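Welcome, and thanks for taking a look at this one with us. Please have the sequence and the model open side by side as you read the briefing below.

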Amino acid sequence: MTEADPPGSLFSRSESADVAHLPASRRPDPPAIAFDRHELRQIMNLYGRMVSYGEWRDYAIDFLRDKAVFSIFRRASEMPLYRIVKDPSLAQRQGAYSVLAPTGMILKRGHDLARVLQAIDKPLRLVV
């Protein structure tokens, strides 16, 4: 800072370059919404069972600012077969969890993840 710069100025001048001093008080980004350990265990139990049946092959997890999404694929190059969404902003109304079809239609929504996952959990059938 030189004598020409007032105190608290954002700029200081040196012989080689102008340097900008930015305030350090920047608001941190809000944490992303995520599935907790118990929720992931329930989802991965279902996913593992369906993989063993040969129904599903791949998955993706997205942690966004307002929701967390677990996408399930039949093949890696396709659109998701199902999306399991956790949206805490809906927890007081319809429920934080929902299962969406590839078209975006909500198959099931609720407060309990286990009950919501029943919408896509197919029972094992014995073929004789």
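Where is the place of Leu-81? In this predicted model, Leu-81 sits in the loop between strand E4 (68-73) and E5. From there we move on to a hairpin, a serine within that hairpin, and the salt bridges.

**Leu-81 and its surroundings**

- Leu-81 counts as buried because its relative accessibility is 17%, and the cut-off for buried is under 20%.
- Setting aside residues up to four places away in sequence, Leu-81 touches Trp-56, Ile-72, Phe-73, Arg-74, Leu-100, Ala-101 and Pro-102.

**The hairpin of E6 and E7**

- Strand E6 (residues 97-100) pairs with strand E7 (residues 106-110) in the antiparallel sense, over 4 bridges.
- Between the two strands of this hairpin there are 5 residues, and Gly-104 takes a positive phi near 95 degrees.

**Ser-98, a residue of E6**

- Ser-98 is found in strand E6, and its bridge partner in E7 is Arg-109.
- With a relative accessibility of 7%, Ser-98 counts as buried.
- Beyond residues up to four places away in sequence, Ser-98 touches Arg-83, Ile-84, Val-85, Ile-106, Lys-108, Arg-109 and Val-116.

**Salt bridges**

- How many salt bridges does a search of the whole structure find? The search finds 2.
- Lys-86 forms a salt bridge with Glu-39, and their closest N and O atoms are 3.1 Å apart.
- Lys-86 belongs to strand E5 (residues 82-86) and Glu-39 to helix H1 (residues 37-52), so this pair ties together parts that are 47 residues apart in sequence.
- Lys-86 counts as buried at 15% relative accessibility, and Glu-39 counts as buried at 7%.
- Arg-49 forms a salt bridge with Asp-121, where the closest N and O atoms are 2.9 Å apart.
- That pair also links distant parts of the chain: Arg-49 is in helix H1, while Asp-121 is in the segment after helix H2 (113-117), 72 residues apart.
- Arg-49 is partly exposed, with a relative accessible area of 31%, and Asp-121 counts as partly exposed at 31% relative accessibility.

How values were computed
Residues numbered from 1 in each chain as written. Predicted model: local features only at pLDDT ≥ 70, side-chain atom pairs only at ≥ 80, totals over all residues. Heavy atoms only, no water. Pairing = 2+ DSSP bridges. Salt bridge = Lys/Arg side-chain N within 4 Å of Asp/Glu carboxyl O. Buried < 20%, exposed > 50% of the residue type's maximum accessible area, 1.4 Å probe, protein only. Contact = heavy atoms within 4.5 Å.
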